[in-house]
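Here are my notes on this model, point by point. Please read them with the structure open.

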Amino acid sequence: MNGQGAIHDAIFWEMLDQTSVRQGPWKLVLNGRLFENGDPVDDVYLVNLDEDMAEQHNLRDAHPDRVEALMSMALSWRAELEAHWNAHFEERMRGPMIFPD
């Protein structure tokens, strides 16, 4: 970084039905696993990575307002992603794969 702060307010990612968001030290995972090949975790898992890098403690009950805010962000992002997919790519996936020369 160049000392001007973060480029993005939050970062989002998804895999299958898992949706995650990271904002500052907070990470929210919905319907997923905390790391690849890990055991399933609660449907809603909140962690403060500054205080718990190993992601051992689910803080969702201690920070319901944070969960609500991050969940709203994550679900909005996921809806935008799905809408973009449906508008631009879904139809192409139904037909034959055509590759330009």
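1. Helices (H or I, at least four residues) and strands (E, at least two) are DSSP runs, numbered from the N terminus. Two strands pair if DSSP finds at least two bridges between them. This is a predicted model: local features need pLDDT of at least 70, side-chain atom pairs count only at pLDDT 80 or more, and totals for chains, interfaces and linings use all residues. Residues are numbered from 1 along each chain as its sequence is written, and side-chain values use heavy atoms, without hydrogens and water.

2. Start with the β2–β3 hairpin. Two residues lie between its strands, and Gly-24 takes a positive phi near 60 degrees. The strands run antiparallel, joined by five bridges. Ser-20 stands opposite Val-29 in β3.

3. On to β1 (residues 11–15). Five bridges join β1 to β2, again antiparallel. Ile-11 has Arg-22 as its bridge partner in β2. This hairpin has two residues between its strands; Leu-16, in the turn, has a positive phi of about 55 degrees.

4. Is β2 mostly covered or mostly open? Covered: of the six residues in β2 (residues 18–23), five are buried, meaning under 20% relative accessible area with a 1.4 Å probe, protein chains only.

Technical notes. Buried < 20%, exposed > 50% of the residue type's maximum accessible area, 1.4 Å probe, protein only.
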